[in-house]
Amino acid sequence: MAQLTCQDLSLGYEGREILGHLSFSVQAGDYLCIVGENGSGKTTLMKTILGLHAPLRGQIITGDGLKQNEIGYLPQQTPVQRDFPASVREIVLSGCQGRCGLRPFYTRAEKRLAADNMEKLGLSPLAGRCYRELSGGQQQRVLLARALCATQKLLLLDEPVSGLDPKVTAELYQLIADLNARDGITVIMISHDISAALRYASHILHIGDRVFFGARDEYPKSGLFRPKGA
Amino acid sequence: MFAKLLLYLQYPFVQYALIVGTLIALCSSLLGVTLVLKRFSFIGDGLSHVAFGAMAAASVLRLSDSMALVLPVTVLCAVLLLRAGQNTRIQGDASIAILSVGALAIGYLLMHLYPVSSNVSGDVCSTLFGSTSILTLTRGEVWACVILSVLSIAAFALFYHKIFAVTFDESFARATGTDARLYNLVIAVMIAVMIVLAMNLVGSLLISALVIFPALSAMRLFRSFRAVTICSACLSVCCTLCGMLTAVAASTPVGATIVAVDMAAFALFCAAGALRDA
Ligand SMILES: Nc1ncnc2c1ncn2[C@@H]1O[C@H](COP(=O)(O)OP(=O)(O)OP(=O)(O)O)[C@@H](O)[C@H]1O
Ligand SMILES: [Mg+2]
């Protein structure tokens, strides 16, 4: 059974539809890239999958025993206030909150997980720093480490590389590909970087006036994909 | 003046007042950080006016134990306001404003129409500004305050990580399976309890100061949630004790004195923060 199935989904705000009749499914271990123009509804789709936003019609079915607290999420923009005092360590650790349930404190294993994820993303030297005093790219990595703490199964990333330098971008793509290949975490990523999408993803979902969903190799044949310069 | 202070400290009602004051200060400052960061300062203010209205109703009804009415009413309003705030921002703001001025007006009207004593403006003033109510608590009220504040502090300690998660990024918390609604409810109830308690200490108009100043002061100097929480708790307890002792020794109104000390500390912390950044 698929890990995530969207059936005839219509998305929109206050009854105004921005995207209709969307159907696709994601198997465990897939790497799905969602592409499309600005304003086509990618973020809205992700929020709907996460249950932050109600669909107008249609339904989302989770399978393989996927629970809400096994999903990791990297938002496109975090509405963190400018003056919020929070250290990097506190934020990364808060990614483990979903698995705590009613338990009030973090276990030693969860603290280790947070430390490991900070290490993976090169955040260990920044652990005690204040989040709001970091650069945009560093903040992005903190939020990614938090997302990694939240999941063993499904990772939803909304433009994870925006604002990162080319070196960190390449490392991040590699890291996500590793998580997908080695740890078997399903990845759903929104990106404007089509060449990277074609390189790393197993499936592509293109949304907009015309919708495409299929394996990566089918995408160039769909006519929606225009290589640069063409 | 020092001898006078020592003399006063022998009296049990002064000792009770100090204990209760410390606990209330602790409660309010712990929640204050969340209140400020969640942009709920306004809710705190609105709720304190609701508590004033309920207090007026309780005294008109000549209830022997006013807290029995004030607490449930305030908790209920806190829950309702939170609901309203979740739907849309603007409506939430407006409903707080309506509730807050409405409760203030009705409370004053009630006290005027059915005066309990001959000195109506004195009664109103003591409910609004606390004046000496912390020194005139009955034994039962002291126990109620102690139990409620200890419960609040324990709840805060137990829910600390969850409160951080829903305060820092509520949508992430919700998306990854934290029951944000439940914890928002917990926060709202704790705020309501804290406000009813703090009314005894500083009166309903000055509660916001008690809640906001320590948190804002701590945020000038510290950069992590834990440090800010601890610092604001310590600061609030110190300022409250200072303020109460000064008030007792110099016979000034307790609430206003505490707030004045809080303000002085805030100025000090601002200066320290500016010095450090320079
Ligand atoms: N809170 C909202 N209320 C009403 N309309 C909204 C809201 N958020 C987004 N929209 C509208 O929904 C449409 C899709 O927005 P969405 O954020 O999903 O786009 P996107 O594909 O993620 O774009 P981008 O590439 O810029 O991130 C846009 O036309 C936007 O104006
Ligand atoms: Mg988007």
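User: How many cavities of 30 Å³ or more are there?
Analyst: The count comes to three. Keep in mind that this is a predicted model.

User: How much space is in the largest cavity?
Analyst: About 50 Å³.

User: And which residues line the largest cavity?
Analyst: Chain A gives A:Ser94, A:Gln97 and A:Arg146. From chain B, the lining includes B:Phe168, B:Asp169 and B:Phe172.

User: Which helices of chain B supply at least two residues each?
Analyst: Helix 7 (139-168) and helix 8 (170-175).

User: How does that lining divide into nonpolar, polar and charged?
Analyst: Four residues are nonpolar, four are polar and two are charged.

User: New topic: ligand 1. Which residues come nearest?
Analyst: There are 14 residues around ligand 1. A:Asn38, A:Lys42, A:Thr43, A:Thr44 and A:Gln76 come nearest.

User: What does the side chain of A:Thr43 do there?
Analyst: An N or O atom in the A:Thr43 side chain is 2.6 Å from an oxygen atom of ligand 1. A:Gly39 uses its backbone instead: an N or O atom there lies 2.9 Å from a ligand oxygen. A:Tyr13 has a polar side-chain atom 3.3 Å from a nitrogen atom of ligand 1.

User: How much of ligand 1 does the protein bury?
Analyst: Alone, ligand 1 exposes 640 Å², and the protein buries 63% of that.

User: Which element gives the largest share of the shell?
Analyst: Helix 1 of chain A, with three residues. Strand 2 (16-26) of chain A also gives two or more.

User: And how does the shell divide by residue type?
Analyst: Two residues are nonpolar, eight are polar and four are charged.

Notes: Residues numbered from 1 in each chain as written. Chains lettered and ligands numbered in written order. Predicted model: local features only at pLDDT ≥ 70, side-chain atom pairs only at ≥ 80, totals over all residues. Heavy atoms only, no water. Near = heavy atom within 4 Å. Polar contact = N/O pair within 3.5 Å; in protein donor to acceptor, adjacent residues only side chain to side chain. Areas by Shrake-Rupley, 256 points an atom, 1.4 Å probe, with all protein chains shown as cover. Helix = DSSP H or I, 4+ residues; strand = E, 2+ residues; numbered from the N terminus. Nonpolar A, V, L, I, M, F, W, Y, C, P; charged D, E, K, R; others polar. 1 Å grid on protein atoms, 1.4 Å probe; cavity = no way out; pocket = protein on both sides within 12 Å on 5 of 7 lines; lining within 4 Å. Points joined across faces, edges and corners; volume = space filled by probe spheres on them.
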